[in-house]
Amino acid sequence: MFSCHRYHNIDKEEENPMFCPVCKSEFKPSITVCPNCKANLVEELPEETFSLLKTANKRLVDRTVTYFEHLNIKTEITEHEEIDSIVYEIKVPVSKKRIAVDELSTIMKYEAEEALKEMTPEEYAELEEEARENAIKRSAPSGYTKANVRSAEYKSSGLTLIVFGILVTAYIVLGQLDIVPFPFVSYSKVIFLVLGVAMIGYGIYSLIRASGIKGDEAKEDDDESKVNTFLTKVFPKEEIEKIGSEDDSPEELKFIKRMDFVKEAVQKEFPDINANFIEQLVDDHFDKIYN
Ligand SMILES: [Zn+2]
């Protein structure tokens with residue numbers, strides 16, 4: 001027992017090796033300087049780190065550092081000068097790789113939500129204008145798209161954007177982990193990340209917009225019943241046929257003239273209702289009478 005203890009102590013002392021901090025080579029305890037690098041040997045090499053994220057977003061870096069401190073994950077930040085910005089690299093000990101990646105994706109989702117909240121009214125209006133133009137372009141061939149359809153369109157494109165945004169963000173994280181190959185220069189990771197975060201942000205915006213449009217549905221239903229009541233009362237078949245009856249133009253032309261006359265009358269009666277919507281309701285009214 002005694003000899004064993006003694007032996008253990010001596011053994012430990014004799015086997016405690018020294019390391020070169022430059023080439024990481026291991027040496028006998030009696031050696032103090034690395035013969036290759038001329039560097040002073042140390043008893044313990046600093047823990048190997050893993051490059052978690054490169055980003056130009058300083059706030060994201062600060063948030064990550066603070067949060068990781070709270071979780072007892074050591075971070076090491078290095079600054080790299082890129083084309084027109086400073087890119088920060090966050091390194092964490094290899095042993096904390098898994099938890100660091102998990103926590104980072106939570107922080108980035110939160111960051112995307114914050115970015116959306118912080119948009120100025122001008123930025124928001126610009127985004128809204130863009131969305132409106134796209135909606136007009138989309139609905140142009142059919143003339144008028146009802147609120148429930150538009151709302152469903154926003155909802156589906158919003159969800160698609162969020163899913164793709166998360167995929168792009170996840171791809172960067174997986175590339176960072178070397179789980180998937182990332183065959184681009186490191187700078188493009190930043191671009192991909194910005195893209196991913198922007199997609200999530202615009203996706204959330206689309207969902208907000210979808211729920212806003214959904215609120216228009218009730219007013220639209222109300223408008224529709226007002227116009228239909230007016231059409232049934234003022235423009236039944238016999239009244240429509242009186243329009244341009246003395247006119248000797250061909251039947252097809254008369255039909256178009258009658259339709260235009262009715263549309264104009266309805267628009268005059270309901271100046272606040274969307275002209276395209278009225279047009280569609282008058283078309284439907286004529287369809288009911290003549291088909
Ligand atoms: Zn060395």
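Predicted model: local features only at pLDDT ≥ 70, side-chain atom pairs only at ≥ 80, totals over all residues.

Analyst: Residues are numbered from 1 along each chain as its sequence is written.

Two packed helices are described by the angle between their axes and the distance between the axes. Helix α7 covers residues 217–234 and helix α10 covers residues 275–290, and their axes come within 10 Å and cross at roughly 45 degrees. That angle makes α7 oblique to α10, since angles under 35 degrees count as roughly parallel, over 145 as roughly antiparallel, 65 to 115 as roughly perpendicular and the rest as oblique. The axes are lines fitted to C-alpha atoms over the stretch in contact, with angles running from 0 to 180 degrees between N-to-C directions.

On the α7 side, the contact is made by D223, E224, V227, N228 and L231, and these meet F277, I278, L281 and H285 of α10, where two residues are in contact if their C-beta atoms, placed from the backbone, lie within 7 Å. By class, the contact of α7 with α10 has 5 nonpolar residues, together with 2 polar and 2 charged ones; Ala, Val, Leu, Ile, Met, Phe, Trp, Tyr, Cys and Pro count as nonpolar, Asp, Glu, Lys and Arg as charged, and the others, Gly among them, as polar.

To place this pair in its setting, the chain has 10 helices and 5 strands, which are DSSP runs numbered from the N terminus (H or I of at least four residues for helices, E of at least two for strands). Of the 291 residues of the chain, 18% count as buried, that is, with 20 or more other C-beta atoms within 10 Å of their own, whereas 12 or fewer makes a residue exposed and anything in between partly exposed. Among contacts in the chain between residues at least 6 apart in sequence, 64% join residues at least 24 apart.

Another helix, α5 (residues 147–176), has buried residues including Y154, L161, I172 and V173, and α5 is followed by D178, whose phi is positive, near 65 degrees.
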